[in-house]
Amino acid sequence: MANKYNAVDSRTRSSVSIFIVAGLCCFFYLLGAWQRSGFGKGDSIALEMTKSGANCNILPNLNFETHHSGEAGIIDDSDSKTTVFKPCPPKYTDYTPCQDQRRAMTFPRESMIYRERHCPAPGDKLHCLIPAPQGYVTPFPWPKSRDYVPFANAPYKSLTVEKAIQNWIQYEGNVFRFPGGGTQFPQGADKYIDQLASVIPIENGTVRTALDTGCGVASWGAYLWKRNVVAMSFAPRDSHEAQVQFALERGVPAVIGVLGTIKMPYPSSAFDMAHCSRCLIPWGSNDGLYMKEVDRVLRPGGYWVLSGPPINWKTNYKAWQRPMEELQEEQNKIEEIAKLLCWEKKSESGEIAIWQKTMDTESCRAEQENSGATFCKSEDTDDVWYKKMEQCITRNNNGNSNEAPRGIKPFPERLNAVPPRISSGSIPGVSVEAYLEDNKQWKKHVNAYRKINKIIDSGRYRNIMDMNAGFGGFAAALQSPKLWVMNVVPTIAEKNTLGVIYERGMIGIYHDWCEGFSTYPRTYDLIHASGVFSLYNDK
(Lines give C-alpha, C1' and ligand atoms only; values in the text may rest on other atoms or scores of the structure.)
Protein backbone atom coordinates (compact mmCIF):
# COMPACT_ATOMS: atom_id res chain seq x y z
CA MET A 1 0.00 0.00 0.00
CA ALA A 2 2.82 2.37 0.88
CA ASN A 3 4.33 1.83 -2.54
CA LYS A 4 0.98 2.63 -4.17
CA TYR A 5 0.56 5.91 -2.30
CA ASN A 6 4.17 6.85 -3.00
CA ALA A 7 3.63 6.29 -6.72
CA VAL A 8 0.48 8.48 -6.74
CA ASP A 9 2.28 11.21 -4.78
CA SER A 10 5.23 11.07 -7.16
CA ARG A 11 2.94 11.44 -10.18
CA THR A 12 1.22 14.42 -8.52
CA ARG A 13 4.50 16.18 -7.81
CA SER A 14 5.64 15.46 -11.38
CA SER A 15 2.45 17.01 -12.81
CA VAL A 16 2.87 20.13 -10.65
CA SER A 17 6.49 20.46 -11.72
CA ILE A 18 5.54 20.20 -15.39
CA PHE A 19 2.83 22.83 -14.88
CA ILE A 20 5.28 25.22 -13.17
CA VAL A 21 7.95 24.74 -15.83
CA ALA A 22 5.42 25.30 -18.63
CA GLY A 23 4.15 28.45 -16.91
CA LEU A 24 7.66 29.84 -16.53
CA CYS A 25 8.43 29.09 -20.19
CA CYS A 26 5.33 31.00 -21.29
CA PHE A 27 6.17 33.92 -19.00
CA PHE A 28 9.74 34.30 -20.23
CA TYR A 29 8.66 33.86 -23.85
CA LEU A 30 6.21 36.77 -23.50
CA LEU A 31 8.80 38.83 -21.61
CA GLY A 32 11.38 38.24 -24.34
CA ALA A 33 8.92 39.16 -27.08
CA TRP A 34 8.09 42.38 -25.24
CA GLN A 35 11.74 43.30 -24.85
CA ARG A 36 12.60 42.49 -28.47
CA SER A 37 9.77 44.69 -29.67
CA GLY A 38 11.45 47.73 -28.13
CA PHE A 39 8.17 48.60 -26.48
CA GLY A 40 9.35 49.85 -23.13
CA LYS A 41 8.72 52.68 -20.76
CA GLY A 42 9.39 55.41 -23.31
CA ASP A 43 7.01 53.79 -25.80
CA SER A 44 4.24 53.45 -23.23
CA ILE A 45 4.48 57.16 -22.44
CA ALA A 46 4.34 57.95 -26.14
CA LEU A 47 1.33 55.66 -26.60
CA GLU A 48 -0.54 57.32 -23.75
CA MET A 49 0.24 60.72 -25.26
CA THR A 50 -1.10 59.53 -28.61
CA LYS A 51 -4.26 58.05 -27.08
CA SER A 52 -4.96 61.20 -25.11
CA GLY A 53 -4.87 63.25 -28.31
CA ALA A 54 -4.44 66.92 -27.52
CA ASN A 55 -4.98 66.48 -23.80
CA CYS A 56 -1.30 66.23 -22.85
CA ASN A 57 -1.76 65.71 -19.12
CA ILE A 58 0.44 62.67 -18.61
CA LEU A 59 3.09 64.78 -16.86
CA PRO A 60 1.23 68.04 -16.16
CA ASN A 61 3.83 69.60 -13.85
CA LEU A 62 6.94 68.76 -15.87
CA ASN A 63 9.09 71.88 -16.14
CA PHE A 64 12.70 71.44 -17.18
CA GLU A 65 13.66 74.93 -16.04
CA THR A 66 12.87 74.13 -12.41
CA HIS A 67 15.12 71.09 -12.57
CA HIS A 68 17.96 73.16 -13.97
CA SER A 69 17.69 75.94 -11.38
CA GLY A 70 16.81 73.76 -8.43
CA GLU A 71 13.76 75.92 -7.63
CA ALA A 72 10.29 74.53 -7.19
CA GLY A 73 7.59 75.48 -9.65
CA ILE A 74 4.68 74.22 -11.72
CA ILE A 75 3.35 75.23 -15.08
CA ASP A 76 0.28 77.44 -15.01
CA ASP A 77 -1.81 76.27 -17.94
CA SER A 78 -5.09 77.76 -16.75
CA ASP A 79 -5.19 80.24 -19.65
CA SER A 80 -3.82 77.92 -22.33
CA LYS A 81 -5.99 76.93 -25.26
CA THR A 82 -5.73 73.55 -26.88
CA THR A 83 -5.28 73.25 -30.63
CA VAL A 84 -6.35 69.96 -32.16
CA PHE A 85 -4.57 68.76 -35.29
CA LYS A 86 -6.33 66.06 -37.27
CA PRO A 87 -4.48 63.30 -39.14
CA CYS A 88 -3.43 63.99 -42.72
CA PRO A 89 -4.75 61.70 -45.49
CA PRO A 90 -2.69 58.48 -45.95
CA LYS A 91 -1.11 59.81 -49.16
CA TYR A 92 1.05 62.11 -47.02
CA THR A 93 2.69 59.25 -45.10
CA ASP A 94 6.15 60.11 -46.48
CA TYR A 95 5.54 63.80 -47.18
CA THR A 96 8.62 66.03 -47.26
CA PRO A 97 7.35 69.63 -47.49
CA CYS A 98 10.39 71.25 -49.11
CA GLN A 99 11.24 68.29 -51.38
CA ASP A 100 7.74 67.51 -52.61
CA GLN A 101 7.96 65.58 -55.86
CA ARG A 102 4.98 67.25 -57.52
CA ARG A 103 6.22 70.74 -56.71
CA ALA A 104 9.76 69.82 -57.77
CA MET A 105 8.64 69.00 -61.31
CA THR A 106 7.54 72.63 -61.82
CA PHE A 107 11.14 73.88 -61.51
CA PRO A 108 13.94 73.84 -64.13
CA ARG A 109 15.98 70.68 -64.42
CA GLU A 110 19.30 72.26 -65.30
CA SER A 111 21.90 72.20 -62.51
CA MET A 112 19.52 70.03 -60.45
CA ILE A 113 17.45 73.08 -59.48
CA TYR A 114 14.29 70.99 -59.30
CA ARG A 115 15.89 68.73 -56.67
CA GLU A 116 16.78 71.61 -54.36
CA ARG A 117 14.63 72.87 -51.48
CA HIS A 118 11.35 74.42 -52.66
CA CYS A 119 9.08 74.95 -49.66
CA PRO A 120 5.30 75.46 -49.90
CA ALA A 121 3.80 78.93 -49.74
CA PRO A 122 2.13 79.80 -46.39
CA GLY A 123 -1.29 79.06 -47.83
CA ASP A 124 -0.21 75.62 -49.04
CA LYS A 125 1.28 74.38 -45.77
CA LEU A 126 -0.31 71.35 -44.15
CA HIS A 127 -1.89 71.73 -40.71
CA CYS A 128 -2.42 68.07 -39.92
CA LEU A 129 -0.48 65.20 -38.38
CA ILE A 130 1.49 62.96 -40.76
CA PRO A 131 0.27 59.36 -40.34
CA ALA A 132 2.59 56.38 -40.03
CA PRO A 133 2.33 53.65 -42.68
CA GLN A 134 0.19 50.65 -41.86
CA GLY A 135 2.08 48.16 -39.71
CA TYR A 136 4.81 50.60 -38.66
CA VAL A 137 6.92 49.19 -35.79
CA THR A 138 9.74 50.41 -33.54
CA PRO A 139 13.03 50.25 -35.49
CA PHE A 140 15.59 47.68 -34.46
CA PRO A 141 18.23 48.86 -31.98
CA TRP A 142 21.74 49.64 -33.18
CA PRO A 143 23.77 47.81 -34.44
CA LYS A 144 21.07 45.44 -35.72
CA SER A 145 19.40 48.40 -37.43
CA ARG A 146 22.51 48.87 -39.58
CA ASP A 147 21.70 45.58 -41.29
CA TYR A 148 17.91 45.26 -40.98
CA VAL A 149 14.92 47.60 -41.42
CA PRO A 150 11.29 46.48 -41.00
CA PHE A 151 9.59 46.44 -44.39
CA ALA A 152 6.49 48.18 -43.02
CA ASN A 153 8.52 51.24 -42.01
CA ALA A 154 9.66 52.00 -45.58
CA PRO A 155 7.67 49.70 -47.88
CA TYR A 156 9.53 50.37 -51.13
CA LYS A 157 11.10 47.55 -53.13
CA SER A 158 12.40 49.33 -56.22
CA LEU A 159 16.01 49.49 -55.02
CA THR A 160 16.03 45.74 -54.34
CA VAL A 161 15.60 45.24 -58.10
CA GLU A 162 17.55 48.22 -59.45
CA LYS A 163 20.61 47.62 -57.22
CA ALA A 164 20.32 43.85 -56.87
CA ILE A 165 23.81 42.99 -58.17
CA GLN A 166 25.45 45.78 -56.16
CA ASN A 167 24.36 44.46 -52.76
CA TRP A 168 22.70 47.70 -51.65
CA ILE A 169 19.56 46.16 -50.24
CA GLN A 170 17.68 42.84 -50.24
CA TYR A 171 14.09 42.02 -49.32
CA GLU A 172 13.75 39.05 -46.96
CA GLY A 173 10.34 38.22 -45.55
CA ASN A 174 9.13 41.17 -43.49
CA VAL A 175 12.47 43.01 -43.39
CA PHE A 176 14.98 44.66 -45.68
CA ARG A 177 18.55 43.46 -45.27
CA PHE A 178 21.50 45.71 -46.03
CA PRO A 179 24.61 43.59 -46.86
CA GLY A 180 26.82 46.71 -46.79
CA GLY A 181 27.46 46.82 -50.53
CA GLY A 182 27.52 49.82 -52.85
CA THR A 183 27.94 50.61 -56.52
CA GLN A 184 31.71 50.88 -56.07
CA PHE A 185 32.00 48.32 -53.28
CA PRO A 186 29.73 45.34 -54.05
CA GLN A 187 31.94 43.19 -51.79
CA GLY A 188 31.10 45.35 -48.80
CA ALA A 189 31.87 48.72 -47.28
CA ASP A 190 34.32 47.27 -44.74
CA LYS A 191 36.81 46.12 -47.38
CA TYR A 192 36.37 49.39 -49.25
CA ILE A 193 37.09 51.42 -46.10
CA ASP A 194 40.16 49.25 -45.47
CA GLN A 195 41.46 50.40 -48.85
CA LEU A 196 40.89 54.04 -47.93
CA ALA A 197 42.50 53.52 -44.51
CA SER A 198 45.74 52.44 -46.19
CA VAL A 199 46.10 56.09 -47.28
CA ILE A 200 43.88 58.11 -44.91
CA PRO A 201 44.46 58.05 -41.10
CA ILE A 202 40.95 56.82 -40.31
CA GLU A 203 41.79 54.75 -37.25
CA ASN A 204 43.68 57.22 -35.01
CA GLY A 205 41.01 59.90 -34.49
CA THR A 206 42.54 62.40 -36.93
CA VAL A 207 39.60 61.89 -39.29
CA ARG A 208 36.36 62.21 -37.34
CA THR A 209 33.80 64.11 -39.49
CA ALA A 210 33.04 62.99 -43.04
CA LEU A 211 30.75 64.12 -45.84
CA ASP A 212 29.20 61.58 -48.21
CA THR A 213 27.83 63.23 -51.36
CA GLY A 214 25.20 61.15 -53.15
CA CYS A 215 25.18 58.56 -50.39
CA GLY A 216 22.64 55.99 -51.62
CA VAL A 217 21.49 54.04 -48.55
CA ALA A 218 24.55 55.35 -46.64
CA SER A 219 26.39 52.07 -46.13
CA TRP A 220 29.71 53.93 -46.25
CA GLY A 221 28.66 56.06 -43.28
CA ALA A 222 27.11 53.06 -41.53
CA TYR A 223 30.37 51.11 -41.54
CA LEU A 224 32.54 54.13 -40.70
CA TRP A 225 30.68 54.41 -37.39
CA LYS A 226 32.48 51.48 -35.75
CA ARG A 227 35.76 53.21 -36.67
CA ASN A 228 34.71 56.25 -34.66
CA VAL A 229 34.02 58.38 -37.75
CA VAL A 230 30.66 60.12 -38.08
CA ALA A 231 29.48 60.83 -41.63
CA MET A 232 26.94 63.40 -42.77
CA SER A 233 25.34 61.69 -45.76
CA PHE A 234 23.03 63.30 -48.28
CA ALA A 235 21.24 62.41 -51.48
CA PRO A 236 18.29 63.90 -53.37
CA ARG A 237 14.78 62.60 -53.27
CA ASP A 238 14.82 61.20 -56.78
CA SER A 239 14.32 58.00 -58.75
CA HIS A 240 16.30 56.05 -56.11
CA GLU A 241 13.17 55.80 -54.03
CA ALA A 242 13.56 56.30 -50.28
CA GLN A 243 17.37 56.03 -50.19
CA VAL A 244 17.76 58.67 -47.45
CA GLN A 245 14.74 57.26 -45.64
CA PHE A 246 16.43 53.85 -45.57
CA ALA A 247 19.61 55.45 -44.23
CA LEU A 248 17.78 57.07 -41.33
CA GLU A 249 15.74 53.96 -40.59
CA ARG A 250 19.09 52.17 -40.32
CA GLY A 251 20.24 54.72 -37.73
CA VAL A 252 22.73 56.50 -40.00
CA PRO A 253 22.98 60.33 -40.09
CA ALA A 254 21.53 61.61 -43.38
CA VAL A 255 19.49 64.42 -44.92
CA ILE A 256 17.78 65.01 -48.24
CA GLY A 257 20.08 67.23 -50.27
CA VAL A 258 21.78 67.82 -53.60
CA LEU A 259 24.67 69.72 -55.13
CA GLY A 260 22.82 72.10 -57.43
CA THR A 261 23.06 75.88 -57.38
CA ILE A 262 22.82 76.56 -53.61
CA LYS A 263 25.69 76.22 -51.15
CA MET A 264 25.62 73.22 -48.84
CA PRO A 265 24.14 74.03 -45.38
CA TYR A 266 27.43 73.42 -43.56
CA PRO A 267 30.11 75.81 -42.29
CA SER A 268 33.49 76.28 -43.93
CA SER A 269 36.36 73.97 -42.94
CA ALA A 270 33.93 71.54 -41.31
CA PHE A 271 34.84 68.07 -42.59
CA ASP A 272 37.98 65.98 -42.22
CA MET A 273 37.03 63.89 -45.26
CA ALA A 274 34.64 64.17 -48.21
CA HIS A 275 33.59 61.24 -50.37
CA CYS A 276 31.92 60.47 -53.65
CA SER A 277 31.37 56.87 -54.70
CA ARG A 278 29.94 56.98 -58.22
CA CYS A 279 27.70 59.81 -57.03
CA LEU A 280 27.10 61.07 -60.62
CA ILE A 281 28.10 64.64 -59.70
CA PRO A 282 29.77 66.42 -62.68
CA TRP A 283 32.87 67.50 -60.75
CA GLY A 284 34.74 68.90 -63.73
CA SER A 285 31.90 70.95 -65.21
CA ASN A 286 31.25 74.67 -64.65
CA ASP A 287 34.96 75.27 -64.02
CA GLY A 288 34.88 72.96 -61.01
CA LEU A 289 32.03 74.75 -59.22
CA TYR A 290 31.17 71.70 -57.09
CA MET A 291 34.81 70.93 -56.27
CA LYS A 292 35.19 74.52 -55.06
CA GLU A 293 32.17 74.04 -52.80
CA VAL A 294 33.69 70.83 -51.40
CA ASP A 295 36.91 72.79 -50.87
CA ARG A 296 34.95 75.34 -48.83
CA VAL A 297 33.65 72.74 -46.36
CA LEU A 298 36.85 70.64 -46.32
CA ARG A 299 39.27 71.40 -43.51
CA PRO A 300 42.92 72.15 -44.41
CA GLY A 301 44.62 68.78 -44.30
CA GLY A 302 41.33 67.03 -45.11
CA TYR A 303 40.87 64.33 -47.74
CA TRP A 304 38.68 64.03 -50.83
CA VAL A 305 37.87 60.54 -52.12
CA LEU A 306 36.53 59.98 -55.64
CA SER A 307 35.74 56.43 -56.74
CA GLY A 308 34.15 55.49 -60.02
CA PRO A 309 34.05 57.37 -63.32
CA PRO A 310 36.26 58.85 -64.65
CA ILE A 311 38.96 57.28 -62.43
CA ASN A 312 40.78 54.46 -64.27
CA TRP A 313 38.91 55.30 -67.48
CA LYS A 314 41.50 53.52 -69.64
CA THR A 315 40.39 50.18 -68.25
CA ASN A 316 36.69 50.78 -67.72
CA TYR A 317 35.47 52.98 -70.57
CA LYS A 318 33.81 50.02 -72.32
CA ALA A 319 32.02 48.84 -69.17
CA TRP A 320 30.84 52.40 -68.53
CA GLN A 321 29.73 52.66 -72.18
CA ARG A 322 31.30 56.09 -72.58
CA PRO A 323 33.85 57.38 -75.12
CA MET A 324 37.50 57.33 -74.02
CA GLU A 325 38.00 60.95 -75.07
CA GLU A 326 35.09 62.15 -72.96
CA LEU A 327 36.30 60.36 -69.83
CA GLN A 328 39.89 61.49 -70.36
CA GLU A 329 38.78 65.11 -70.67
CA GLU A 330 36.65 64.78 -67.54
CA GLN A 331 39.56 63.45 -65.46
CA ASN A 332 41.93 66.08 -66.84
CA LYS A 333 39.54 68.83 -65.70
CA ILE A 334 39.29 67.30 -62.24
CA GLU A 335 43.09 67.11 -61.99
CA GLU A 336 43.46 70.77 -63.08
CA ILE A 337 40.91 72.03 -60.56
CA ALA A 338 42.43 69.95 -57.76
CA LYS A 339 45.82 71.52 -58.52
CA LEU A 340 44.27 75.01 -58.46
CA LEU A 341 42.76 74.22 -55.04
CA CYS A 342 46.13 72.99 -53.75
CA TRP A 343 44.93 69.43 -53.33
CA GLU A 344 47.77 66.94 -53.51
CA LYS A 345 46.98 63.61 -55.09
CA LYS A 346 47.99 60.97 -52.55
CA SER A 347 46.86 57.82 -54.33
CA GLU A 348 45.14 56.39 -57.39
CA SER A 349 44.52 52.67 -57.20
CA GLY A 350 41.96 50.88 -59.33
CA GLU A 351 38.91 53.12 -59.46
CA ILE A 352 39.76 55.05 -56.26
CA ALA A 353 41.60 58.38 -56.22
CA ILE A 354 42.44 60.29 -53.03
CA TRP A 355 43.52 63.92 -52.71
CA GLN A 356 44.59 65.86 -49.60
CA LYS A 357 43.93 69.56 -49.14
CA THR A 358 47.10 71.43 -48.21
CA MET A 359 47.78 72.62 -44.67
CA ASP A 360 50.02 75.41 -45.94
CA THR A 361 47.26 77.87 -46.76
CA GLU A 362 49.56 80.88 -47.15
CA SER A 363 51.77 79.30 -49.81
CA CYS A 364 48.67 77.95 -51.53
CA ARG A 365 47.09 81.39 -51.64
CA ALA A 366 50.24 82.85 -53.20
CA GLU A 367 50.18 80.17 -55.92
CA GLN A 368 46.48 80.78 -56.56
CA GLU A 369 47.00 84.52 -56.87
CA ASN A 370 49.83 83.98 -59.35
CA SER A 371 47.56 81.73 -61.42
CA GLY A 372 44.87 84.42 -61.56
CA ALA A 373 42.34 82.52 -59.40
CA THR A 374 39.24 84.38 -58.24
CA PHE A 375 38.62 84.52 -54.49
CA CYS A 376 35.19 84.86 -52.89
CA LYS A 377 34.54 88.39 -51.59
CA SER A 378 32.25 87.44 -48.73
CA GLU A 379 33.90 87.93 -45.35
CA ASP A 380 31.56 85.44 -43.66
CA THR A 381 32.25 82.10 -45.29
CA ASP A 382 29.64 80.43 -43.06
CA ASP A 383 26.78 82.58 -44.40
CA VAL A 384 25.36 79.93 -46.72
CA TRP A 385 21.60 79.54 -46.16
CA TYR A 386 19.94 79.77 -49.60
CA LYS A 387 23.07 81.50 -50.94
CA LYS A 388 24.11 80.72 -54.51
CA MET A 389 27.36 78.91 -55.19
CA GLU A 390 29.99 81.18 -56.70
CA GLN A 391 32.80 80.64 -59.18
CA CYS A 392 35.43 81.54 -56.63
CA ILE A 393 37.74 80.00 -54.05
CA THR A 394 36.80 80.42 -50.41
CA ARG A 395 39.52 81.85 -48.20
CA ASN A 396 40.22 79.96 -45.00
CA ASN A 397 39.17 82.29 -42.21
CA ASN A 398 36.75 82.17 -39.26
CA GLY A 399 39.67 81.15 -37.07
CA ASN A 400 40.51 78.23 -39.34
CA SER A 401 43.59 79.37 -41.22
CA ASN A 402 47.04 78.04 -40.42
CA GLU A 403 46.94 77.58 -36.65
CA ALA A 404 43.38 76.27 -36.32
CA PRO A 405 43.72 72.89 -38.08
CA ARG A 406 46.80 72.11 -36.02
CA GLY A 407 44.88 73.10 -32.91
CA ILE A 408 42.21 70.44 -33.50
CA LYS A 409 43.04 67.39 -31.43
CA PRO A 410 42.23 63.79 -32.40
CA PHE A 411 38.85 62.44 -31.37
CA PRO A 412 37.67 61.87 -28.65
CA GLU A 413 40.01 64.42 -27.04
CA ARG A 414 38.69 67.20 -29.29
CA LEU A 415 35.15 66.70 -27.98
CA ASN A 416 35.87 68.59 -24.76
CA ALA A 417 38.96 70.58 -25.80
CA VAL A 418 38.55 74.31 -26.50
CA PRO A 419 37.75 74.58 -30.25
CA PRO A 420 39.97 76.85 -32.41
CA ARG A 421 37.06 79.13 -33.28
CA ILE A 422 36.67 79.82 -29.55
CA SER A 423 40.34 80.11 -28.61
CA SER A 424 41.01 82.45 -31.55
CA GLY A 425 38.11 84.75 -30.62
CA SER A 426 36.41 84.22 -33.99
CA ILE A 427 32.92 84.29 -32.46
CA PRO A 428 32.27 87.81 -31.11
CA GLY A 429 31.33 87.98 -27.46
CA VAL A 430 32.31 84.38 -26.67
CA SER A 431 35.30 83.81 -24.39
CA VAL A 432 36.98 80.56 -23.49
CA GLU A 433 35.53 80.91 -19.98
CA ALA A 434 31.99 81.35 -21.34
CA TYR A 435 32.38 78.28 -23.54
CA LEU A 436 33.65 76.13 -20.67
CA GLU A 437 30.81 77.33 -18.44
CA ASP A 438 28.27 76.44 -21.14
CA ASN A 439 29.79 72.98 -21.36
CA LYS A 440 29.59 72.59 -17.60
CA GLN A 441 25.94 73.65 -17.50
CA TRP A 442 24.91 71.22 -20.22
CA LYS A 443 26.45 68.34 -18.34
CA LYS A 444 24.22 69.27 -15.40
CA HIS A 445 21.16 69.61 -17.65
CA VAL A 446 21.70 66.22 -19.28
CA ASN A 447 22.12 64.60 -15.86
CA ALA A 448 18.74 66.11 -14.94
CA TYR A 449 17.23 64.69 -18.14
CA ARG A 450 18.56 61.25 -17.24
CA LYS A 451 16.72 61.36 -13.91
CA ILE A 452 13.45 62.06 -15.72
CA ASN A 453 13.97 59.85 -18.77
CA LYS A 454 16.02 56.91 -17.56
CA ILE A 455 16.32 55.36 -21.03
CA ILE A 456 17.66 58.46 -22.77
CA ASP A 457 21.06 56.89 -23.46
CA SER A 458 20.15 53.22 -23.11
CA GLY A 459 20.15 52.60 -26.87
CA ARG A 460 16.38 53.04 -27.21
CA TYR A 461 17.01 56.41 -28.88
CA ARG A 462 19.44 56.20 -31.81
CA ASN A 463 18.62 59.23 -33.99
CA ILE A 464 18.52 62.38 -31.84
CA MET A 465 18.09 66.01 -32.88
CA ASP A 466 18.96 69.21 -31.02
CA MET A 467 16.88 71.98 -32.59
CA ASN A 468 18.97 74.82 -31.13
CA ALA A 469 22.38 73.31 -30.53
CA GLY A 470 24.49 76.30 -29.49
CA PHE A 471 28.03 75.00 -28.91
CA GLY A 472 26.85 71.37 -28.98
CA GLY A 473 26.92 70.95 -25.21
CA PHE A 474 23.81 68.74 -25.14
CA ALA A 475 25.24 66.34 -27.74
CA ALA A 476 28.68 66.29 -26.12
CA ALA A 477 27.17 65.38 -22.74
CA LEU A 478 25.23 62.54 -24.39
CA GLN A 479 28.17 61.24 -26.45
CA SER A 480 27.84 57.47 -26.85
CA PRO A 481 28.39 54.85 -29.58
CA LYS A 482 24.72 53.97 -29.14
CA LEU A 483 23.45 57.29 -30.55
CA TRP A 484 24.19 60.32 -32.71
CA VAL A 485 22.87 63.88 -32.58
CA MET A 486 21.93 66.14 -35.48
CA ASN A 487 22.98 69.54 -34.11
CA VAL A 488 20.86 72.22 -35.74
CA VAL A 489 21.93 75.86 -35.59
CA PRO A 490 18.96 78.08 -36.53
CA THR A 491 19.75 80.61 -39.23
CA ILE A 492 18.39 83.38 -36.98
CA ALA A 493 20.50 82.40 -33.97
CA GLU A 494 22.39 85.29 -32.41
CA LYS A 495 25.73 83.50 -32.78
CA ASN A 496 26.82 81.21 -35.61
CA THR A 497 28.26 78.28 -33.69
CA LEU A 498 27.99 75.37 -36.14
CA GLY A 499 31.69 75.55 -36.96
CA VAL A 500 32.46 75.03 -33.27
CA ILE A 501 30.31 71.90 -33.24
CA TYR A 502 32.28 70.41 -36.15
CA GLU A 503 35.58 71.33 -34.50
CA ARG A 504 34.43 69.28 -31.50
CA GLY A 505 34.01 66.25 -33.77
CA MET A 506 30.22 66.33 -34.07
CA ILE A 507 27.94 67.00 -37.02
CA GLY A 508 25.11 69.42 -37.66
CA ILE A 509 23.34 71.63 -40.15
CA TYR A 510 21.91 75.12 -40.60
CA HIS A 511 18.13 75.40 -40.73
CA ASP A 512 15.27 77.88 -40.51
CA TRP A 513 12.53 76.38 -38.34
CA CYS A 514 9.89 78.36 -40.20
CA GLU A 515 10.34 75.72 -42.91
CA GLY A 516 10.22 71.95 -43.11
CA PHE A 517 13.41 70.05 -42.26
CA SER A 518 15.17 68.11 -45.03
CA THR A 519 14.19 64.67 -43.80
CA TYR A 520 11.41 62.10 -43.93
CA PRO A 521 8.68 61.75 -41.30
CA ARG A 522 9.42 59.55 -38.26
CA THR A 523 13.19 59.62 -38.66
CA TYR A 524 14.16 60.88 -35.17
CA ASP A 525 13.71 59.01 -31.90
CA LEU A 526 14.20 62.02 -29.63
CA ILE A 527 14.05 65.76 -30.33
CA HIS A 528 15.54 68.28 -27.92
CA ALA A 529 14.44 71.92 -28.03
CA SER A 530 16.03 74.49 -25.74
CA GLY A 531 15.16 78.13 -26.41
CA VAL A 532 13.63 77.40 -29.81
CA PHE A 533 10.20 78.87 -29.10
CA SER A 534 11.55 82.07 -27.56
CA LEU A 535 13.93 82.41 -30.52
CA TYR A 536 11.06 82.17 -33.00
CA ASN A 537 8.52 84.10 -30.95
CA ASP A 538 6.49 86.42 -33.24
CA LYS A 539 8.41 85.17 -36.31
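**Strand pairing and helix packing in a predicted model**

Q: What makes β1 and β3 paired strands?
A: Three bridges join β1 to β3 (residues 175–177), and the two strands run antiparallel. Two strands pair if DSSP finds at least two bridges between them, so the three bridges of β1 and β3 qualify. Within this pairing, Y148 stands opposite R177 of β3.

The model is predicted: local features need pLDDT of at least 70 and side-chain atom pairs count only at pLDDT 80 or more, whereas totals for chains, interfaces and linings use all residues. Residues are numbered from 1 along each chain as its sequence is written, and side-chain values use heavy atoms, with hydrogens and water left out.

Q: Why do β1 and β2 stand at the edges, each with one side left without a neighbour in the sheet?
A: The open sheet has three strands in the order β1-β3-β2, with antiparallel pairing. Strands β1 (148–150) and β2 (170–172) each have a single partner strand, so one side of each lacks a neighbour in the sheet. Neighbouring strands of this sheet are turned by 30° against each other on average, direction ignored.

Q: Why are α11 and α12 called oblique to each other?
A: The axes of α11 (residues 313–320) and α12 (residues 324–340) cross at roughly 130° and come within 9 Å. Axes are lines fitted to C-alpha atoms, for helices over the stretch in contact, with angles from 0 to 180 degrees between N-to-C directions. Angles under 35 degrees count as roughly parallel, over 145 as roughly antiparallel, 65 to 115 as roughly perpendicular and the rest as oblique; α11 and α12 are therefore oblique.

Q: Which residues make the contact of α11 with α12?
A: W313, Y317 and W320 of α11 meet M324, L327, Q328 and Q331 of α12, where contact means heavy atoms within 4.5 Å. By class, five of these residues are nonpolar, two are polar and none is charged. Trp, Tyr, Met and Leu are among the nonpolar types (Ala, Val, Ile, Phe, Cys and Pro are the others), Asp, Glu, Lys and Arg are charged, and the others, Gly among them, are polar.

Q: How do you know that β5 is mostly covered?
A: Six of the six residues of β5 (residues 230–235) are buried, that is, under 20% relative accessible area with a 1.4 Å probe and protein chains only. V230, M232 and F234 lie on one side and A231, S233 and A235 on the other.

Q: In what sense do β4 and β5 pair?
A: Strand β4 (residues 209–213) pairs with β5 in the parallel sense over five bridges. F234 in β5 is the bridge partner of T213.

How values were computed:
Helix = DSSP H or I, 4+ residues; strand = E, 2+ residues; numbered from the N terminus. Buried < 20%, exposed > 50% of the residue type's maximum accessible area, 1.4 Å probe, protein only.
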